[in-house]
Amino acid sequence: MSINITAANNQANQIYSYAQQLRNTKTQLLSYKSSLQLNWSGQEVPFILKSIDQTLDRINAIIKELELLSNDVKGAANTIKREEEAAAAAARARAEKQRQINKAQTDYNNSIKEYNDALEEMDKFQKEVAKNPFLKFHPNYNKRYEELQKKIADAAKKRDKCKNALSNAKR
């Protein structure tokens, strides 16, 4: 299951909106503090103002933490998304490599069969000639022998080429 960037960004934006709400609260508290300073006098006023300043300091710290958290959520979501995309790309690359290896293995197996079939065909031909040595004097003997030799040589070249392709695919 992959990360939902939109949902993560929505959550980060929600956290950021909490910071904005705190900024609004801070503005109201500052307004209240100013009003208190201008319109109220008494022994308790310095204590109230000090308490308001401490509250404002805590609000500022929380705003900063919320903004950092919002950015961290967005950053983490993007990092996870990039990692997921990289993992998916790596999985696709591994699958493609395995497909190439499988194809090369199949081609190599087929080339071995083709080579063995050509050898077997030559073996049958030579056994026929061994049973009946007069076939060597038949007009088509040399032509057939050369065709089989060529077939074996071509199959050997193909086999070697397929073996190299398989070796390269496995690297």
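**Notebook: rings, charges and cores**

Ring pairs tie F125, Y141 and Y145 into one cluster. I am working on a predicted model, and I started from this cluster.

**Entry 1. The ring cluster**

I asked how many aromatic pairs the structure holds. It holds two.

I took F125 and Y141 to begin with. Their centres lie 5.4 Å apart and their planes make 25°, and the pair is stacked. F125 belongs to helix α2 and Y141 to helix α3 (residues 141-170). The two are 16 residues apart, and their pair links distant parts of the chain.

Then I checked accessibility. Is F125 buried or exposed? F125 comes out at 12% relative accessibility, so I logged F125 as buried. Y141 has a relative accessible area of 15%, so Y141 is also buried.

Next came Y141 with Y145. The ring centres are 6.1 Å apart and the planes stand at 20°, so I logged this pair as stacked. The cut-off behind that call is planes under 30 degrees apart. Y141 and Y145 are separated by about one helical turn, because they sit four residues apart in helix α3. Y145 is partly exposed, at a relative accessible area of 29%.

**Entry 2. R23 and its partners**

I looked up R23 next. The charged end of R23 sits over the ring of Y16, 5.5 Å from its centre. The R23 side chain also meets that of E67 in a salt bridge, 1.8 Å from N to O. I wrote that distance down as computed from the model.

Which helices does this bridge join? R23 is in helix α1 and E67 in helix α2, 44 residues apart, so I can say from the assignment that the bridge links distant parts of the chain. R23 has a relative accessible area of 22% and is partly exposed. E67 is partly exposed too, with 24%.

**Entry 3. The core around α1 and α2**

I listed the largest nonpolar core. It has eleven residues, among them I15, A19, L29, L36 and V45. L49, I52, L56, I59, I63 and L66 are also in it. The elements giving two or more residues to this core are α1 (5-39) and α2 (45-131). Helix α2 supplies the largest share, seven residues.

What does A19 touch beyond four places in sequence? A19 touches I63, L66 and E67. E67 is the salt-bridge partner of R23.

A second, separate core has ten residues. Including M122, V129, I152 and A155, that core went on my list as well.

**Entry 4. S70**

S70 is found in helix α2. Its relative accessibility is 1%, so S70 counts as buried. Leaving aside neighbours within four places in sequence, I found S70 in contact with A12, N13, I15 and Y16. I15 belongs to the largest nonpolar core. Y16 carries the ring under the charged end of R23.

I ran a search of the whole structure for salt bridges. It finds 13.

I looked at K158 and E114. Their side chains meet in a salt bridge, 3.1 Å from N to O. K158 is in helix α3 and E114 in helix α2, 44 residues apart, and the pair links distant parts of the chain. K158 is partly exposed at 39% relative accessible area. E114 counts as partly exposed at 36%.

I also noted R159. The charged end of R159 sits over the ring of Y115, 4.3 Å from its centre.

**Entry 5. Charges within α3**

K150 forms a salt bridge with D154, with closest N and O atoms 2.9 Å apart. Both lie in helix α3, four residues apart, about one turn of the helix.

Is K150 buried or exposed? At 52% relative accessibility, K150 counts as exposed. The cut-off for that is over 50%. D154 counts as partly exposed, at 34%.

Salt bridges that share partners join E121, R144, E147 and K151 into one network.

Conventions
Residues numbered from 1 in each chain as written. Predicted model: local features only at pLDDT ≥ 70, side-chain atom pairs only at ≥ 80, totals over all residues. Heavy atoms only, no water. Core = buried A, V, L, I, M, F, W, Y, C linked by side-chain atoms within 4.5 Å. Buried < 20%, exposed > 50% of the residue type's maximum accessible area, 1.4 Å probe, protein only. Contact = heavy atoms within 4.5 Å. Phe/Tyr/Trp six-rings, centres within 6.5 Å; stacked < 30°, edge-to-face > 60°. Lys NZ or Arg CZ within 6 Å of the ring centre and 35° of its normal. Salt bridge = Lys/Arg side-chain N within 4 Å of Asp/Glu carboxyl O.
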